[in-house]
Amino acid sequence: MLAGESGLAAIQNFDVSALPAKIAGQVPVGTRAEGKLDINEWIPVKDQKKMDRFIQLALVAATDAVEDSGWNPGEDQEEERCRTGVMIGSGIGGLPTIYEASMLIQQGKTRRISPFFIPSALINLASGHVSIKYGFKGPNHAVVTACATGVHALGDAARLIALNDADVMVAGGAEAAVAEIGMAGFCASRALSTAFNDDPTKGSRPWDRDRDGFVMGEGAGVVVLEELEHAKARGAKIYAEVIGYGMSGDAYHITAPTEDGDGAFRAMRAALKSASLTPADIQYVNAHGTSTPMGDDLELQAVERLWGDEAKNLAMSSTKSAIGHLLGAAGAVEGIFSILAIRDGVAPPTLNLHNPSRESAIDRVALEAQPRKIDTVLSNSFGFGGTNASIIFRRAG
Amino acid sequence: MSDTADKVKKIVVEHLGVEESKVTTEASFIDDLGADSLDTVELVMAFEEAFGVEIPDDAAEKITTVKDAIDYIEKQKSA
């Protein structure tokens, strides 16, 4: 991503001839050593049929996160296990699984519906499978707030730790709706890009004048959140601290944001307030920026309004330009990008931003990554139903 | 060994992800082969599909070993 590469491509694994949108960001198939995904390396074949792909992706990401964290209390550490929870959400969960079961009913094969159908489709089963795998017996929860799911999961999990419900929370989001039914649904709501089917890497172009909708992505992002002193005491590798979290509702429309971007503004303001920060303290914003004609500029205006004269010092980019919109996983994956921006001192680029539809004092990191001094980052996610969430990460120590 | 027995064992190996050598005629799905109650429901469905037989729920509940499955299916087929 920092090299300006895009993960978007033509959909190959199902027939897209009836769909106006034919491109997506899909997890590349290959070995773990190659940095790609072969589910067989992660989940026994006999267990795979018990979970929709979104759960499989959640389990893979959670396994990666838990291994990296070094926090994996054994059977003899009951108290530690009871103080470790899981909160992994999804925007729409096992939609392809529901579709397949519906087809059986339609074909008169109702008795052929698998006993694993319901547990495969349920959104909270991502958290369930992770807890079963590792014996994490703390709070077991799942967020469902459309495209704001990932940020809500991270923020709510951090609050459970702050409220002393747990010492450690495995938190994130997962989505795997790049299937005919998911694509058809978002096509019907006129949300997807359709003008770049022949040039997929150009499809996601936040703030660019030629943008025409978002590009669907799939994947999962999972982090291990831990009470600070708990993490320090065990010598954990601390990537960043969650220091702020804000939420708001639009109370306006089922899919469209308010025309003044006020919901985004209030979520960001609430996050800053909870962190006792001012806009000047933030060096980088990972935008929701989905590449839809309306949403991108409204978010930009909301940031400009909140930052005021500080806007000129701010970098803001949309990493959806490279991986597409992962719906319920977006906020978690972008939270990880935000944390890596702090670790690496680099603002990731907004690809395909050649001609902004609206000028701004904010540096939107067009086309190329920028080395910057980044200690504190705010990440936005907004969802259908008018739900908005912002989270703030700061360099640890 | 009968064709039915071979086919039943093959289905059990595939669905439960266990080694063929463990799938003895006497093996219990739950006690010996690591299945849970949902696995056994799915196994019975797989038998129905593969052999073209209907196994009602009350009969399915009594099929707990490989032998139970073979016997039930052979009885249905000869009926």
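Where is Thr31(A) found in chain A? Hello everyone, let's start there. Thr31(A) sits in the loop that runs between strand E2 (23–25) and helix H1 (45–48) of chain A. One thing to keep in mind throughout: this is a predicted model.

Setting aside residues up to four places away in sequence, Thr31(A) touches Lys36(A), Leu37(A) and Glu41(A). Take Glu41(A): 10 residues separate it from Thr31(A) in sequence, and the two C-alpha atoms are 7.8 Å apart in space.

Let's move to the inside of chain A. The largest nonpolar core has 29 residues, and the members that touch the most others are Met87(A), Leu154(A), Met169(A), Leu225(A), Tyr284(A), Ile374(A) and Phe393(A). Which elements supply at least two residues each? They are helix H7 (149–162), strand E5 (168–175), strand E6 (219–226), helix H13 (330–344) and strand E13 (387–394), each of them in chain A. H7(A) gives the largest share of this core, with seven residues. There is also a second, separate core, this one of 28 residues, and it includes Leu37(A), Tyr134(A), Val170(A) and Val222(A). As general background, nonpolar side chains in soluble globular proteins tend to be buried together.

If you have the structure open, please click on Phe393(A). Leaving out residues up to four places away in sequence, Phe393(A) touches a list of residues that includes Leu154(A), Gly335(A), Ser338(A), Ile339(A) and Ile342(A). Also on that list are Ala240(A), Glu241(A) and Val242(A), along with Asp375(A), Thr376(A), Val377(A) and Ser379(A).

Next, some loops. Leu327(A) belongs to the loop between helix H12 (320–323) and H13 of chain A. With a relative accessible area of 2%, Leu327(A) is buried.

Leu367(A) also has a positive phi, near 70 degrees, and again this is a residue other than glycine. You will find Leu367(A) in the loop between strand E10 (346–347) and strand E11 (370–371) of chain A. Its relative accessibility is 35%, so Leu367(A) counts as partly exposed.

One more loop residue: Thr292(A), between strand E8 (284–286) and helix H11 (295–307) of chain A. Thr292(A) has a relative accessible area of 17%, which means that it is buried, as the cut-off is under 20%. Apart from neighbours within four places in sequence, Thr292(A) is in contact with Ala191(A), Arg211(A), Gly213(A) and Phe214(A).

Helix H10 (residues 262–274) of chain A packs with H11(A) at an angle of about 45 degrees, and the axes are 8 Å apart. At that angle, the two helices H10(A) and H11(A) are therefore oblique to each other. Their crossing is right-handed. On the H10(A) side, the contact is made by Asp262(A), Ala264(A), Phe265(A), Met268(A), Arg269(A) and Leu272(A). On the H11(A) side we have Ala302(A), Val303(A), Arg305(A), Leu306(A) and Trp307(A).

Now for chain B. An unreviewed UniProt entry places a feature called "domain: Carrier" at residues 2–77 of chain B. That span is 59% helix and 0% strand, and its end C-alpha atoms lie 13 Å apart. Which residue carries the annotation "modified residue: O-(pantetheine 4'-phosphoryl)serine"? UniProt, again in an unreviewed entry, puts that feature at Ser37(B). Ser37(B) is in helix H2 (residues 37–51) of chain B.

H2(B) packs with helix H1 (residues 3–16) of chain B at an angle of about 140 degrees, with 10 Å between the axes. H1(B) and H2(B) are therefore oblique to each other, and their crossing is right-handed. Among the residues that meet are Val8(B), Ile11(B) and Leu16(B) in H1(B), and Leu43(B), Phe47(B) and Phe51(B) in H2(B).

Last stop: Ala5(B), in helix H1 of chain B. Its relative accessibility is 5%, so Ala5(B) counts as buried. Ala5(B) and Asp71(B) are 66 residues apart in sequence, while their C-alpha atoms are 8.9 Å apart in space.

Key:
Residues are numbered from 1 along each chain as its sequence is written. Chains are lettered from A and ligands numbered from 1 in the order in which they are written. This is a predicted model: local features need pLDDT of at least 70, side-chain atom pairs count only at pLDDT 80 or more; totals for chains, interfaces and linings use all residues. Side-chain values use heavy atoms; hydrogens and water are left out. UniProt positions are given in the numbering used here, feature names are shortened, and annotations may be inferred rather than shown by experiment. Helices (H or I, at least four residues) and strands (E, at least two) are DSSP runs, numbered from the N terminus. A nonpolar core is a set of buried Ala, Val, Leu, Ile, Met, Phe, Trp, Tyr and Cys residues joined through side-chain atoms within 4.5 Å. Buried means under 20% relative accessible area, exposed over 50%, partly exposed in between (1.4 Å probe, protein chains only). Contact means heavy atoms within 4.5 Å. Axes are lines fitted to C-alpha atoms, for helices over the stretch in contact, and angles run from 0 to 180 degrees between N-to-C directions. Angles under 35 degrees count as roughly parallel, over 145 as roughly antiparallel, 65 to 115 as roughly perpendicular and the rest as oblique. A crossing is left-handed if the near helix is turned anticlockwise from the far one by less than a right angle, and right-handed if clockwise.
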